[in-house]
Amino acid sequence: MKSYQIDIRGVVQGVGFRPFVYRLATKLNLKGEVLNNSLGVTIKVNATQKELELFLEKLQKELPPLAKIDSIKSREIEFQEFTNFSIIQTSEQSLKTALLPPDISICRECEAELFDKNNRRYLYPFITCTNCGVRYSIIEKLPYDRINTSMKFFKMCDECQREYNNPLDRRYHAQPIGCWNCGPSVELLINNQEVKIEGLDAIEDAVSLLKSGKIIALKGVGGYHLICDATNEEAIKELRKRKKRAHKPFAIMVKDITMAKELAIISLKEEELLSSKERPIVICKSLLPSNSKIAPNISKIGLFLPYTPLHLLILEKLQKPIVATSANISDEPIAINLESLQKLHNVYDAVLNHNREIVNGCDDSVVMLVQNRVVTLRRARGYTPLSIKLPFKLKEPTLALGANQKSTIAIGFEDNAILSPHIGDLDGINSIEYYKKNIETLQRIYNFEPKRAVCDIHPNYESTKHALEITTQNKNITLNQVQHHHAHILATMVEYKLTGKVFGVAFDGTGAGTDGKLWGGEFLLCDYQSFKRIAHINYFKLLGGERAIKEPKRVALSLLFDTFGKEALSLNIPTIQSFKKKELHILYLAWQKGLNAPLSSSMGRLFDAVASITGVIQELSFEGQSGLLLEELYNPDIDTAYSFKVNNESIAIQTLIQEIIDEPDKTVAVSRFFNTIVNIVASIYQEYSNYPLLLSGGVFQNSVLLNLLLEKFPNAYISNKIPPNDGGITLGQIVSL
Ligand code: ZN
Ligand code: ZN
Ligand code: FE
């Protein structure tokens, strides 16, 4: 018999890890103790070598569902006799580097109790246990104890307290537990909060309102949703009108997989994702008619399952799918309290509210499956703030400030990077304020002081301005600026822990280049220190600057001028037809003189241009619309492509434009365009094929393009845990040297 110490790192706090160790040790008749410390969990036991081995094996095999072990180390220590096995309570010492678990969907056991008439929490909308429920969204600071969360306002009743204190109970030290007697409660607010209905009646009445076609703001885990009956076209039309959201697809929450299968084709792997504990929105192949108001003219649909008891209760009563879209104004942050929701009072008819405060806002996560690989499009609820292990240790604690669109922030220390959830676009004062609050939150939760700040090289990004502010205010913090597409590729490198040189393809909207131009169709040979630009799409002018991003016809027109000069004006094609005569002449002059016409090599804009020339769309009503519509036209049976030329490092696309115009069938034109992009990648990569191929940037949200490239290059890397869009930039910034 000897004494051993076992140190475990990973997600091992707030996930029922200590009671699990307690139960296991008791079962194996081992004596000793288990405690939380700043690095994770430490166990001391009296055991023989054999007993220790069995204990270690079972520790890793029978792990509680939310726990994740990064490392487990055991060593013999000086003999110390224990008389029983005990859980040592968390002391007030700092537990800052311990990893915080994300918000997780309701577990099976809790769901069973929720609908069990004999259970004391029957139909209780906030039923939870050690293995499920809210975490990140309610925490103010570490250590993760009830007193440091918004549950501190609810004093546990005796029965809940007993469960909380009993190591053999599945609610042992589950911080957010409560019941009908002591926990949070729901209320339905109607007529600008004049009428208030409480308890189960609130849910009952909310469902009646949904049935009659009304729109409800529903408070969830990380914010409010706007919900309505997804089978009621009029309700959806009304929601679109009030929210000023003409075409952008809505996500649909379905009661269960059976209901999901009525709306979409669901593969086995998609089914797994839908029912995973993270419960993300999964983009699936839609079965709805193309004129459906849910996603007009798009054959994909974003589905997700109820992830809280409250959502379950609503869907159980309604027995219909609901539209569930984040309550926010366009790309602003999600509303997390009645005050921020107020701005949308013209949109909803009632609020189904509850009194558990949301401390940290967190949107829904969005994922899709391409070639059986999971691609994250938005990383938020369920996934954040899980850390990502870096391939090396950082020299200094680093704060990464991200880009300007789909912004996130990240902190890095030692070999950990912790990313905030999706924040949103930094376009308005509210978004910027929310962004700064997110920085504070992460710093506070992890008691983090940066020594280095990293941002983009774009001088007008709000994130860049903020980085400059931080580093001028605090001289101890150094500043590091990283080129946008380099950061994109680095983010993917980190995720796969690649070292050495890689060949990165960054297809994007626009990002500032080192030559002052707007890059976005880039081929880069990179490592953590630097990059070499191997090739890029030939520069073209974005007529009208920012406006060109929203109006594909402006980019198309510019490319037409590049190809045909003034002759372009007499072409009989949709792009030209979409302008007034006078506009055409002004824009021709602007093109000629380069007035308000920044040069860009953006692949995203090239997609826009093709969408305009083929008559698919001239002005966007939401970001990424042209790509989605082009996907609809792709025909896999067409395997021909257009020509292109590579001069030095520049990829000329005039012939491509010419050939697209000459093609009368837009299905053929669009399919060949996709094939051409694949050929361009293949031709540039050929010379560098001894380097790993990495794909990153917002254009890779296009599942047709990604699918084609992964088919051709099965070994190519595309990020999985972080989005290929600008939401992943922070991870690349963290590791730049
Ligand atoms: Zn549970
Ligand atoms: Zn209670
Ligand atoms: Fe980008």
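His484 and Asp726 are both buried, a term that denotes under 20% relative accessible area with a 1.4 Å probe and protein chains only. The model is predicted, with local features requiring pLDDT of at least 70 and side-chain atom pairs pLDDT 80 or more, whereas totals for chains, interfaces and linings use all residues. Residues are numbered from 1 along each chain as its sequence is written, chains are lettered from A and ligands numbered from 1 in the order in which they are written, and side-chain values use heavy atoms, without hydrogens and water.

The iron ion (ligand 3) is coordinated at 1.9 to 2.7 Å, donors being N, O and S atoms within 2.8 Å of the metal (3.2 Å for Na, K and Ca); water is not among the atoms, so sites may look incomplete.

| Donor residue | Donor atom |
|---|---|
| His484 | NE2 |
| His488 | NE2 |
| Asp508 | OD, OD |
| Asp726 | OD |

The spacing of these donor residues is H-x3-H-x19-D-x217-D. Because His484 belongs to helix α13 (residues 484–495) and Asp726 to the loop between β32 (717–718) and α23 (729–735), the pair ties together parts 242 residues apart in sequence. Helices (H or I, at least four residues) and strands (E, at least two) are DSSP runs numbered from the N terminus.

Elsewhere, Ser558 lies in helix α15 (residues 552–564). Ser558 counts as buried because its relative accessibility is 0%. Beyond neighbours within four places in sequence, Ser558 contacts Phe540, Lys541, Leu543 and Trp591, contact meaning heavy atoms within 4.5 Å.

Technical notes
Buried < 20%, exposed > 50% of the residue type's maximum accessible area, 1.4 Å probe, protein only.
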